[in-house]
Structures are given as structure tokens and as C-alpha cells.
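Keep the sequence and the 3D view open as you read.

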Amino acid sequence: MQVSSLNEVKIYSLSAGRSLPEWLSDRKKRALQKKDVDIRRRIELIQDFEMPTVSTKIKVSRDGQYVMAVGTYKPRVRCFDTYQLSQKFERCLDSEVVTFEILSDDYSKIVFLQCGRFVEFHSQHGHYYRTRIPKFGRDFSYHYPSCDLYFVGASSEVYRLNLEQGRFLNSLQTDASESNVCDINPVHFLFAMGTAEGKVECWDPRTRNRVGLLDCALSSVTAETEIEGLPSISALKFDGALNMAVGTSTGQVLLYDLRSSNPLIVKDHHYGLPIKSIQFQHQLDLIISADSRIIKMWNKDTGKIFTSMEPEHDINDVCLYPNSGMLMTANEAPKMNIYYIPVLGPAPKWCSFLDNLTEELEENPESTVYDDYKFVTRKDLENLGLAHLIGSSLLRAYMHGFFMDIRLYHKAKMMANPFAYEEYRREKIRQKIEETRAQRVQLKKLPKVNKELALKLIEEEGEEQQISRKRKQKNLPSLLKDDRFKVMFENPDFQVDEQSEEFRLLNPLVSKISEKRKRKLKILEELEAQGQEEEEEPEGKASDAESSESSDDEKGWVEEVRKQRKLLRQEEKLKRQERFKEDQQTLLKPQFFEIKEGEEFRSFKDSAKKQKLMKKTLEDRLKLEEKLGTLNVSDTTVGSKQATFKLKKSEQQRKQQEAEKQHRQERRTLRRSASHLKSRRGRGQLFH
């Protein structure tokens with residue numbers, strides 16, 4: 001038996017474990033039970049509760065004594081007697097069963113709808129009658145007042161077969177192309193059918209007229225759901241006179257009130273698989289919906305998940321045993337599963353021992369032992385001195401450790417630690433001492449940073465706890481214990497500056513409240529220094545005085561704000577006067593600047609010109625240099641541009657060039673004057 005828990009709801013799987021072959025003798029079965037732990041610990045609630053290959057449908061008779069299931073292969077039906085906890089009979093059929101219905105209180109009247117359009121009737125002794133419907137059927141329902149069978153399938157018509165007259169009646173003509181499921185209300189016998197177009201048609205069997213139409217495909221599309229394709233109706237179930245649950249092929253369950261066309265709740269399985277079965281559990285107001293992968297139980301008023309189950313194999317059908325917490329499933333596997341959920345209700349009368357068994361399991365919960373084995377890690381083996389057993393048959397490797405026999409583990413632990421009892425006794429004594437210490441009044445350990453803020457939070461926390469006790473509410477978490485605000489009481493950078501302008505304006509009453517806290521903080525520090533244990537609140541103070549100190553009306557608050565503003569203005573005025581005096585006292589001193597080597601200082605305007613020139617673009621600088629003659633731009637024969645730059649000369653070079661130029665001009669003038677004198681002398685000699 002396996003136990004699982006979800007949302008603190010325990011689910012006991014009674015069909016877990018291996019089953020023994022039928023052909024084994026009793027002697028061999030007993031021998032296997034002695035050797036194999038799985039076989040010895042299994043619970044076989046109903047003997048041979050399985051099918052050869054696959055089970056498709058499972059139902060319980062109205063008297064609760066018989067459980068009937070159909071499956072393959074070969075197609076067959078098996079009936080199990082719960083009073084005898086064994087199989088009652090087995091009957092093989094000609095074709096596979098689509099669905100079946102138990103018409104009587106026991107197994108004496110059964111109707112099977114088969115794949116080949118056949119409808120087969122069985123009585124207590126066996127096969128009784130067989131007939132055929134015009135189209136392939138998918139589901140049918142029985143109308144008790146008129147003894148009519150309503151068949152729906154791959155047709156727009158609903159075929160009616162009257163069992164009292166033994167003949168087919170006029171069919172109901174619907175607007176649907178095909179129908180998948182149908183159901184009849186047990187109170188007012190309204191007939192409802194789910195179509196392939198995602199609609200539910202409701203018919204009155206008395207007048208054979210349609211009285212209502214629900215568009216479930218449109219209602220199943222919400223903001224939270226993702227649907228691929230048109231949803232068709234795959235499951236339908238009435239609850240009482242007014243409620244109806246509809247399951248779609250895209251994995252949504254819609255709960256309707258017949259007086260409204262809008263669903264009360266839309267529940268999505270989030271698997272995108274067709275809903276196979278819907279059941280109602282009235283004790284806890286739950287809806288049990290199942291697709292091929294999961295069984296979900298949720299509240300029909302709020303939609304909140306109660307619990308869920310995911311079997312190992314795909315689910316074909318789900319059956320809830322009446323007035324109990326037992327659930328049976330037909331699966332894509334030979335074995336049919338049986339689950340027991342004590343929260344849903346008690347165990348059936350024929351297996352009342354399950355209540356005692358589950359109570360014992362809850363009183364004595366299992367430890368870390370799994371099937372007489374103890375899980376140990378490599379470090380545990382080294383501590384026990386059993387590391388040399390790694391690789392032997394005494395240890396079975398599993399994940400990050402090993403499984404070993406629990407008896408070997410206890411013996412090794414006793415040998416490795418013979419004083420385990422003394423340690424256990426010492427630990428118990430220490431726990432008792434800590435319990436007695438906890439009853440005493442303890443000192444508050446305040447942090448090093450923001451002590452006043454921590455004391456304020458402790459006081460507010462105490463007041464909130466008193467209020468929550470009176471109102472019976474849950475206590476809010478403390479900021480001092482929260483890791484997110486841990487640094488605020490450890491790092492000095494987060495120290496609150498009470499002299500800052502922001503603090504004084506935002507906390508106008510901090511002066512009065514902080515005085516009280518400072519006194520309390522001083523008392524606590526003195527107690528910590530002396531090592532004494534006293535109450536959190538210092539004695540000798542009247543409660544009336546304390547209440548008068550802590551209570552301030554609105555007028556006092558306004559006056560305190562005005563006072564703080566005046567103080568801040570006065571402090572600002574004093575600071576300005578001090579700065580003005582300092583400025584007057586300071587003397588202006590000359591500043592010296594160093595000139596780089598090879599440069600001559602002319603004026604501060606040159607540096608300003610250089611800065612302006614550097615701010616200009618490259619194009620503007622090139623134009624300026626072209627005007628000054630330091631740049632020459634000319635065209636080449638190839639068609640490109642050629643730029644020639646002239647380096648700027650220093651002041652010394654410029655003066656030297658000017659002196660050379662002046663010297664050359666003087667020499668030219670001297671040459672001209674000398675040549676002129678020679679020419680005049682030559683002319684004078686000729687005249688003489």
C-alpha cells in the first residue's frame with residue numbers, strides 16, 4: 001500500500017504492489033509471501049480485481065454489493081462481489097463495449113452498447129437479447145418513468161427504444177451533426193445531450209421538444225485558458241435538480257445552474273486532454289473530474305483545488321463508491337486501481353478494517369526506513385566504520401547514497417557509538433533546562449546600529465501582538481528577524497541621523513517620543529552591563545504618566561512642526577553669518593602661473609583665442625589657415641585635391657627672418673646707389 005499526500009490530504013493506493021499468478025499453488029504462494037516483502041505487505045482488497053489487458057468502464061450497483069467492469073482482450077465483463085471480496089462471474093462478448101448501464105439494484109439487468117451498433121441485454125443467468133441501432137452509438141441513458149433508452153452517436157437523431165413495448169419509438173431530431181454524451185436528471189428527468197459543436201441541448205421527454213440550448217464552447221474560452229480548435233462536449237453529469245457539470249474535449253469543466261446560460265465556474269485541467277468522467281461528492285461539496293492523466297478534486301463553490309491524483313497509467317473511467325471515501329478507476333493497464341481517501345468519508349461496510357489500518361498508520365508515521373532498509377550516505381558509512389562494505393551485496397547503491405538492512409545499521413550504530421544513550425539523556429536534560437529558561441523574563445538584545453529604531457519596532461510589535469490576540473488574527477513577521485533588513489542594523493552607513501533636516505521635519509514628535517525611548521535604552525544597557533535579569537518594562541513608572549506622555553493631540557503636533565521650522569531657519573541664518581565672517585577674514589593672495597619652456601607670454605587673450613579656435617570645426621580651421629597663408633589647396637592632374645601646410649614659426653625665428661630681410665633690402669639699396677654713381681662718373685669723363 002502506497003501513501004501519498006497533497007494539500008495535507010492523504011491518499012492510500014490499495015492496489016499497489018505485485019499480484020500473484022492464478023496458476024500458482026497455495027504452497028508456492030505462501031513461500032513467495034515469506035521471501036518477497038512486496039508480496040507480504042500488499043493489500044488485495046478484492047481478489048483478482050483486474051482485466052487481461054485493458055479496462056474501459058467501471059460501475060457500482062445501486063445496492064453497493066457488486067462492482068462491474070468491462071475491458072479487453074477478449075471483450076468481456078466481470079462482476080465482483082464485495083461481500084465475498086472476490087469475482088462473482090465473467091462473461092465474454094462478441095465486440096468491445098462502448099459503455100454499459102445497470103438497470104436494476106443488483107446485476108440482474110444490464111444493457112451494453114457495443115462497437116458494431118449492437119445493443120445487448122443481459123439478465124441474471126446471462127445473455128438475454130440483442131438488437132441493433134441505425135448509427136454507431138457513443139452513449140445512452142435510461143429514462144425510468146417511461147422505460148425508454150435514449151441513444152446518441154454519429155447522427156443528428158436521438159434513438160428511443162422502449163423496453164416495456166419492446167420497439168423503437170420516433171426519434172428526436174436535433175440541430176447537431178453528432179452527439180457524444182447524454183444524461184437524464186434524476187429529479188425532474190430532463191434529458192441533456194452534448195454535441196460535437198460544443199453545445200448542450202436539453203429536451204423534455206414528456207413533450208419531446210427542445211427546451212434549452214447552451215453554447216459551452218464559447219463559455220469555455222476565458223482569459224486564462226488556451227484552446228486549440230473547437231471544444232466539443234466529452235462529459236456530462238447532473239447534480240440535483242438545478243446543477244449540471246459539462247466537460248469539454250480541450251480539458252475544461254463548466255458548472256452550470258440550469259436557470260442561467262452563463263457558467264458559475266470554469267475549471268481548466270491545463271493538460272488539453274478530453275474530460276473522461278465527472279462525479280459529485282456531496283459531503284464536502286466537491287467535484288471529481290478526470291482526464292486521461294489526472295484526477296482533480298475541487299470545491300464547486302470556489303473552484304479551489306482540494307487534492308489531485310496522477311496514476312501511473314492513463315485513465316479511462318472513474319467511479320466513486322457511494323457514501324464513502326473509496327475511488328475506483330479503469331486504466332490502460334490490466335490492474336484496476338482502488339484509492340481510499342479518509343477525508344472524503346469512511347470506508348465501506350465490507351472493508352471497514354481500512355479505517356483502523358489508516359488510523360494506526362497516522363498514529364505511527366514511518367521514519368526514514370523504506371521496506372526494512374535504511375538510506376545512508378558515504379559520510380554516514382565512514383562515521384559507522386562501514387566504508388569497506390561499498391561494492392558488496394550488503395549495500396545497494398541508490399542516488400547519492402546506499403540502502404542497507406536496518407538491523408545491520410542498528411548494530412553498527414551501537415558498536416560505533418556505545419554511549420548513545422548517555423548523549424540522548426544529556427540532550428533531553430538540556431532541552432528541559434531550555435524550556436524552564438524560556439519561561440523566565442529575558443533581556444532584549446538590541447543591535448549595535450539603530451538601537452532606538454530597533455526599540456521602537458519591538459514596542460510596536462508588542463502592541464500589534466496584543467491587538468491580534470484580541471481580534472484573533474495572525475501575527476505579522478518582525479522586521480528585526482527579516483533577512484532583507486538585516487544590514488540596516490549591522491552596517492553603520494545606515495545609521496539614522498536625527499539632526500538632519502529631513503528627519504526633523506518628517507518626525508516632529510521625535511523629540512518627545514525619543515526621550516522616553518532613550519531612558520528605556522539607558523536602563524537596558526545598565527542591566528546588560530550588570531548581567532541582571534529584569535522585565536522588559538522598567539518598574540516604578542505609573543501607567544497614567546506613561547499614557548499622558550505618549551498621547552499628543554493635533555494642536556501639539558502642529559506647534560512642534562512650526563517650532564522645528566523656526567529652529568531650522570535660525571540655524572541656516574547662523575551658518576550664513578559664519579560663512580560671511582570667514583570670507584571677510586580671508587585675504588586675497590596673488591596666484592602664480594608657470595609658462596612652458598620655449599613659449600613667450602603675451603596676454604590672456606591668446607589663450608582665449610586658442611580655446612575658441614579649438615572649439616571650431618576642422619573645416620572652419622582650414623579656411624582660417626588658408627586666409628593666413630599657412631595652407632595651400634590645389635588640384636592635381638589626376639582630379640584629386642592636394643593640400644600643402646606651412647609650419648608656424650616661433651617668435652625668435654620670425655625676428656631673425658625680419659632682420660635678414662631688412663639686411664637684404666639695405667644691400668640692394670647700396671648696390672643701386674653705387675651703380676648709379678659709376679654711371680654718372682662715366683658720362684662726366686666723356687664730356688671732358
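Where is the place of cysteine 147? You'll find cysteine 147 in the loop between β11 (137-143) and β12 (148-153).

Before going on, a word about what you're looking at. This is a predicted model, where local features need pLDDT of at least 70, side-chain atom pairs count only at pLDDT 80 or more, and totals for chains, interfaces and linings use all residues. Residues are numbered from 1 along each chain as its sequence is written, and side-chain values use heavy atoms, with hydrogens and water left out.

Cysteine 147 isn't a glycine, yet its phi is positive, at about 60°. Cysteine 147 is also partly exposed, with a relative accessible area of 22%; partly exposed covers what lies between buried (under 20% relative accessible area) and exposed (over 50%), using a 1.4 Å probe and protein chains only.

Phenylalanine 189 is another non-glycine residue with a positive phi of about 60°. Look for phenylalanine 189 in the loop between β15 (179-184) and β16 (191-195). Its relative accessible area is 27%, so phenylalanine 189 counts as partly exposed.

Next, head to the loop between β4 (66-72) and β5 (76-81), where tyrosine 73 lies. The peptide bond leading from threonine 72 to tyrosine 73 is cis, with omega near -15°. Carry on from tyrosine 73 to lysine 74 and the peptide bond is cis there too, with omega near 10°. Lysine 74 sits in the loop between β4 and β5.

Definitions and conventions. Helices (H or I, at least four residues) and strands (E, at least two) are DSSP runs, numbered from the N terminus.
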